[in-house]
Amino acid sequence: MRPAFFLLLLVVLANSLPAQTPSETNGKAVFEKWCAPCHGAVAPKNVMFGTGALAGTSALAVKYKGKKPAVLEQRTDLAPAMIKSVVRHGLYGMPITRKTEVSDAELEDVVAYLTRNRKK
Amino acid sequence: MVLPSNVSEADFNAVLGEFRSAVGPSWVFSSDEDVALYRDSYSINWGEPEERVASAAVAPAKVEEVQQIVRIANRYRIPLYPISTGRNLTYGGSAPNMRGSVVVDLKRMNRILEVDEKRAFALVEPGVSYFDLYNHIRERNLKLMLDVPDPGWGSPMGNSLDHGAGYTMAAFRDHFASHCGMEVVTPDGELIRTGMGAVPNADSWQDFHYGAGPTVDGLFAQSNFGIVTKMGFWLMPMPEAFLSGSVTVPRHQDLEALVGEVSYLEDSGLTGMPQYGSPVGQAAFGPGAAAMASLMQNGWPSAEAIENFVAAQKRPAWSVQLYFYGPEETVRATWQAAKRRIGKAIAGATFQDGEFLTLPIPKEKEPAQSDKPRLGIPALEVFNMVARNAGNANDPSDGHADLFVTIPRKASALFESARVLYETYKELGLPARGNPFPTPFTYYSRCFWTGTTVPTWRDPEKNARSRAIFEKVINRCAEHGWVGYRTSPAFQDLLISKYSFNNHSLLRFQEKLKDSIDPNGIISPGRYGIWPASMRKSRA
């Protein structure tokens, strides 16, 4: 087979394959690496300048005052578009996350993980 | 699309094509959506023409690709701006120093090349974070302790190159001083190694930092003379134990003697970073608020009024937490010695034993551990101070800008700087800031830092107010010889202008180097005030 034709065939095949299904398992791993240091499940001890408290979890505890879980992994109302927007654009003190840190595919995995219990 | 200045769109597209050939098409980011990910999340110019936004980004995976990028940029005179993990928030983040630069995103260069337990060093690439290096060490059960800054997502390389600092012993918490050997791509695409790394068959690159001849490592920190691609760091052997102890002293005037005693312990290598506090000052955030307001109602109080106030509060004026690392026998003995010395020097000093821990902390106990950075555990918990919290529940900022100015390590300088900051805020017509109970930052053991933090927003009007405060504080502090050690790109020219001895001879020397090493001015134009000749403004 000629190299050029072989390459063309590969490209055609790749484009015809269905997009990979997002992986909740990988999403959990990506979440634990990139999100959990601020949004983990450690209960906030002190929402002012608490040592041992996590910034994201504490911030959401202050924001929702118990109306919604402060721990993201316990939420059932997170929409995929909102997750992607916050990760890519940041929100308040949470900065932008670049694609060299969390790729688009990894972000889809995180979305799959955080929406696994979503109420339709 | 933002273009680099003086570069046509056709040339820029040609450059992007060459970058794609060098690193692969997936690793050149040029769409508006992708380039926006390189904005500084904490920019104090967000959404304004002055915001320093990139024209594109390129993410090499190995040093040869960095060399190719630099050579391409030289041909087209494209300004580059390297970032390591891009998490240098409040100091520019992942955005370039100059609008229109191409960000060289080194996050993919994330190999931990070597960690030697016996010789206690690590050799890493730019994209390695403190979290990565910590996990590497823990997974292999290596008996080494990292010294980490407050945010653990930064890189040892990037943090040290911007003179970041941590919390443990002085020899390790000055992150640049604890580096040993670096590899650098110079602006002409050449590759150099410093120290013993310049000896082809040496196995001591991370053992001896000087080699022979002039040391040039410092030229690559807070500068624009090259792109650092590898860096070695000396690490602390994992101490067997950690012990903390708390000291209080009763009178306001006792701080000078306390600083003297604590400095003795620090300079003798007996304690880690001391944490000064003021029980009286702290009470002003709660039950002592009204009393403090009364003290300050007629302006800065006299020494006598301050001392009378402290006596009436029935709280100690000052406290300091001391932290000891080492075998149990020595940390307990050192704490005893500290108590003996301070007790003899300061009448009324009190002492309280703190936490004793056997190290390393078991992994399962890490999450609940407070004060993680003091134990060499990377974390992001410091962001509690700026995220939505009980103190800003309805109006959290989008970021912040910090100014830490260097002052002498003595109480009198600390008091004077607190008074000057108080007066400066008053001149600006802002609510009173500060009181006679300031506590210094002690990251660097031989000096104190003090300063201010202003919020940043995605709102130009609010940012204009923050900028006005920041500039005023920089200028006013500089009148007293107190100048910052780093700052956000928006203020780097102003900051560097204060290092003006002999008609700015230091900066003029750096400019001569720039002209020689980087004649096309492609690496980080303007970083810390060093501009290429073609962009240099006349100095007033």
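Colleague: How many residue pairs are in polar contact across the interface of chain B and chain A?

Modeller: Bearing in mind that this is a predicted model, the rule finds nine residue pairs in polar contact across the interface of chain B and chain A, with both residues at pLDDT 80 or more. By class, the side of chain B that touches chain A is made up of 21 nonpolar, 10 polar and 13 charged residues.

Colleague: And how many salt bridges across that interface?

Modeller: The rule finds four salt bridges between chain B and chain A. One pair in a salt bridge is B:Arg87 with A:Glu101, where the closest N and O atoms are 3.0 Å apart.

Colleague: What area do the two chains bury between them?

Modeller: Chain B and chain A bury about 3000 Å² between them, and 60% of that area is on carbon and sulfur atoms. On the chain B side, B:Leu37, B:Asn384 and B:Arg388 supply 23% of the area buried against chain A, which is more than any other three residues supply. As for the residues taking part, the contact draws 44 from chain B and 31 from chain A.

Colleague: How does the lining divide into nonpolar, polar and charged residues?

Modeller: The lining of the second largest pocket divides into 26 nonpolar residues, four polar and four charged.

Colleague: Now the backbone: which peptide bond is cis?

Modeller: The peptide bond from B:Leu359 to B:Pro360 is cis, with omega near 0°, and B:Pro360 sits in the loop between strand S15 (350-358) and strand S16 (399-407) of chain B.

Colleague: What about A:Lys65, is its phi positive or negative?

Modeller: A:Lys65 has a positive phi of about 50°, although A:Lys65 is not a glycine, and its place is in the loop between H4 and H5 of chain A.

Notes: Residues numbered from 1 in each chain as written. Chains lettered and ligands numbered in written order. Predicted model: local features only at pLDDT ≥ 70, side-chain atom pairs only at ≥ 80, totals over all residues. Heavy atoms only, no water. Contact = heavy atoms within 4.5 Å. Buried area = accessible area lost by both parts, 1.4 Å probe. Salt bridge = Lys/Arg side-chain N within 4 Å of Asp/Glu carboxyl O. Polar contact = N/O pair within 3.5 Å; in protein donor to acceptor, adjacent residues only side chain to side chain. Nonpolar A, V, L, I, M, F, W, Y, C, P; charged D, E, K, R; others polar. Helix = DSSP H or I, 4+ residues; strand = E, 2+ residues; numbered from the N terminus.
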